[in-house]
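This report concerns the fold, the nonpolar core and the ligand surroundings of one protein model. Please consult the sequence and the structure while reading.

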Amino acid sequence: MVELSPQELVLRDLLRAERVKPPSVLEFARSVGFEPEEWQAQLLQSDAQQVVLNCHRGAGKSAVVSILALHRMVTRPNYEILVLSRTDKQAMELVYNLKRAFNRLPNRPEPTKENDHELYLPNGSRLTVVPCTEPRGYHVDMMIEDEASYVPHEVYMAARPTVIAKRGRYLMLSTPKGKVGHFYDVFENQKGWLKIKATWRDSKRFPPEELARIEGERAYGDEWFRQEYECEFLQTSGQIIAETSIMAARTDGIVLDDVSDVW
Ligand SMILES: Nc1ncnc2c1ncn2[C@@H]1O[C@H](COP(=O)(O)OP(=O)(O)OP(=O)(O)O)[C@@H](O)[C@H]1O
Ligand SMILES: [Mg+2]
């Protein structure tokens, strides 16, 4: 028989049908071996309906959101989640992380459906990966838009209503890619969002030698480094259409097909 650690025993008891109180999200994260950074703990503990994460490359955006999503699926019956990213494969990566954490749960329930794009649990909770086309016809408790800087604006506009009917949450995560697009607009201009930013200096889990290595990356391009590791929205010489023209086009009712094409 497999011996359970004290943490696993706590979680097992909490997950039993007769439980009084579901595990807190931090207890849950730790029970699957995830020790959150400060900014990750802020996200996990928040109930904000709209959250935007502007974090450096490899910060742990997808990882922490997968833990949050799994916690909700396990502790709330009939909790429904959609995952959207720039590509199917990138969305599946987040789901892969989620399943890895799921497989660490002691006494985990047997999924009623499981494949690369879906995870259905016996409590009625389910997670579905949707392609990066307009997600119409879905109504969910949580919409996760990963790599948002690269998701076309019209896909975002079609995704927003998916959380209205169920008063669900919209989570948007990315690293900046210029002063264009909805990720930039939401993080810099929109109200009603919990905005979390984490630069490489905020990721405390890296040992000094790894931090020195990250800092050394600046040698490959200062602007690139400020974008990828310091989460800055930069208007570089490569950005052909100026921010002001894009905003003006929006207010004139002109829809830009794929803002990533202007780079
Ligand atoms: N709190 C943490 N403790 C330990 N490892 C972590 C933590 N958060 C994330 N990681 C690990 O760091 C790596 C990067 O995480 P993740 O893929 O979520 O980053 P990301 O911000 O989504 O990166 P990208 O910008 O490339 O999409 C993964 O191996 C993940 O497991
Ligand atoms: Mg990611």
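The model is predicted. Its protein chain holds 10 helices and 8 strands. Of the 263 residues in that chain, 37% count as buried. Among contacts with a separation of 6 or more, 70% join residues 24 or more positions apart.

The largest nonpolar core comprises 58 residues. Within this core, the most contacts belong to Ala69, Ile81, Val83, Met143, Ile144 and Leu171. Helix α4 gives the most to the core, namely 8 residues. When residues up to four places away in sequence are left out, Met143 touches Leu82, Ala159, Thr162, Val163, Gly168, Tyr170 and Leu171.

Helix α7, residues 181–188, is mostly covered, as 6 of its 8 residues are buried. These are Gly181, His182, Phe183, Tyr184, Val186 and Phe187. The elements against which the buried residues of α7 pack are tabulated here.

| Element packed against α7 | Residues |
|---|---|
| β1 | 50–55 |
| α6 | 153–159 |
| β7 | 169–174 |
| β8 | 194–198 |

Which residues come nearest to ligand 1? Of the 15 residues around ligand 1, they are Ala59, Gly60, Lys61, Ser62 and Ala63. Helix α4, spanning residues 61–75, supplies the largest share of this shell, with 3 residues. By class, the shell around ligand 1 divides into 5 nonpolar, 5 polar and 5 charged residues.

Conventions:
Residues numbered from 1 in each chain as written. Chains lettered and ligands numbered in written order. Predicted model: local features only at pLDDT ≥ 70, side-chain atom pairs only at ≥ 80, totals over all residues. Near = placed C-beta within 6 Å. Helix = DSSP H or I, 4+ residues; strand = E, 2+ residues; numbered from the N terminus. Nonpolar A, V, L, I, M, F, W, Y, C, P; charged D, E, K, R; others polar. Core = buried A, V, L, I, M, F, W, Y, C linked by C-beta atoms within 7 Å. Buried ≥ 20, exposed ≤ 12 C-beta atoms within 10 Å, placed from the backbone. Contact = placed C-beta atoms within 7 Å.
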